[in-house]
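Please examine the chain shown below. The report that follows describes its contacts, its overall form, its surface and one selected residue.

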Amino acid sequence: MTDGLNPYFQVGLDVMDQPCLIIGGGQGGEGRAGRLLDAGARLSVVSPSLTPRLESWRDEERLTHLSRVFQENDLRGMFLVINTVQADDQLAEEVYGMARRERTLVNSFDRPELSNIGMPALVDPGHLRLAISTSNASPGLARRLREDLERMFGEEFVGYLSQLGQVRAHLKKVAAGDDTRFEILHSLVADFRLSGSIDYPAGWRKRVEDLLARRMPSE
């Protein structure tokens, strides 16, 4: 990419019952652990300490806690490793190098150059999964989009989607191969519409131009 940004290739990764590792037991590790546990991963977290929520998941035996700093052997046999330690550039580089040698998928927090998969912002009410990526141009904007979309897809939407899934499963049993099945399912969503508007920050173009024109103190 000429602008240095990586759009990635968006896919859904099947981690069900796959061994996955998170390096770091802070808030970043907690957020990613929740997503992996929801997806059915066999999760290990290596960190001298854990957040209270990670501790509760450990106590419930939903994850394995390695109470120490990361060691090279921790990565062996892993399907996916996520490094959430932010203040250690050397560790990030070492983990990325090890993962490439082991042919393991790796994501390093806020370091796309040391990752071969991205972690988009996720909107996940009920069965819905909307992944939001700005190709790392603005993680802050991705977060704001996630927050706004989460407010849009409330309880009624969660119930609506769940009922659609039940109807689809039912029709597969009672109308297998029936051409009318598609028509019935389509009729349930034909009038669904998502509407909205975008409010941009006041004077954003001028502010961006001023920032791009600003010289460093040494220049």
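## Contacts along the sequence

In this predicted model, contacts between residues at least 6 apart in sequence were examined, and 52% of them join residues at least 24 apart.

## Elements and overall form

The chain contains seven helices and seven strands.

The C-alpha trace spans about 65 × 50 × 35 Å along the principal axes of the chain.

## Surface and charge

Of the 219 residues in the chain, 29% are buried. The chain has an accessible surface of about 15,100 Å², and carbon and sulfur atoms account for 51% of this area.

The chain carries 27 positive and 32 negative charges. The mean position of the positive charges and that of the negative charges are 2 Å apart.

## A residue in strand β5

Strand β5 comprises residues 105–108, and Asn107 is part of this strand. Is Asn107 buried or exposed? The relative accessible area of Asn107 is 6%; because a residue counts as buried under 20%, Asn107 is buried.

Which residues are in contact with Asn107, leaving aside its neighbours within four places in sequence? They are Val81, Ile82 and Asn83, together with Ser115, Ile117, Gly118 and Met119.

Definitions and conventions
Residues numbered from 1 in each chain as written. Predicted model: local features only at pLDDT ≥ 70, side-chain atom pairs only at ≥ 80, totals over all residues. Heavy atoms only, no water. Helix = DSSP H or I, 4+ residues; strand = E, 2+ residues; numbered from the N terminus. Buried < 20%, exposed > 50% of the residue type's maximum accessible area, 1.4 Å probe, protein only. Contact = heavy atoms within 4.5 Å. Areas by Shrake-Rupley, 256 points an atom, 1.4 Å probe, with all protein chains shown as cover. Lys, Arg positive; Asp, Glu negative; His and termini not counted. Charge placed at Lys NZ, Arg CZ, Asp CG, Glu CD.
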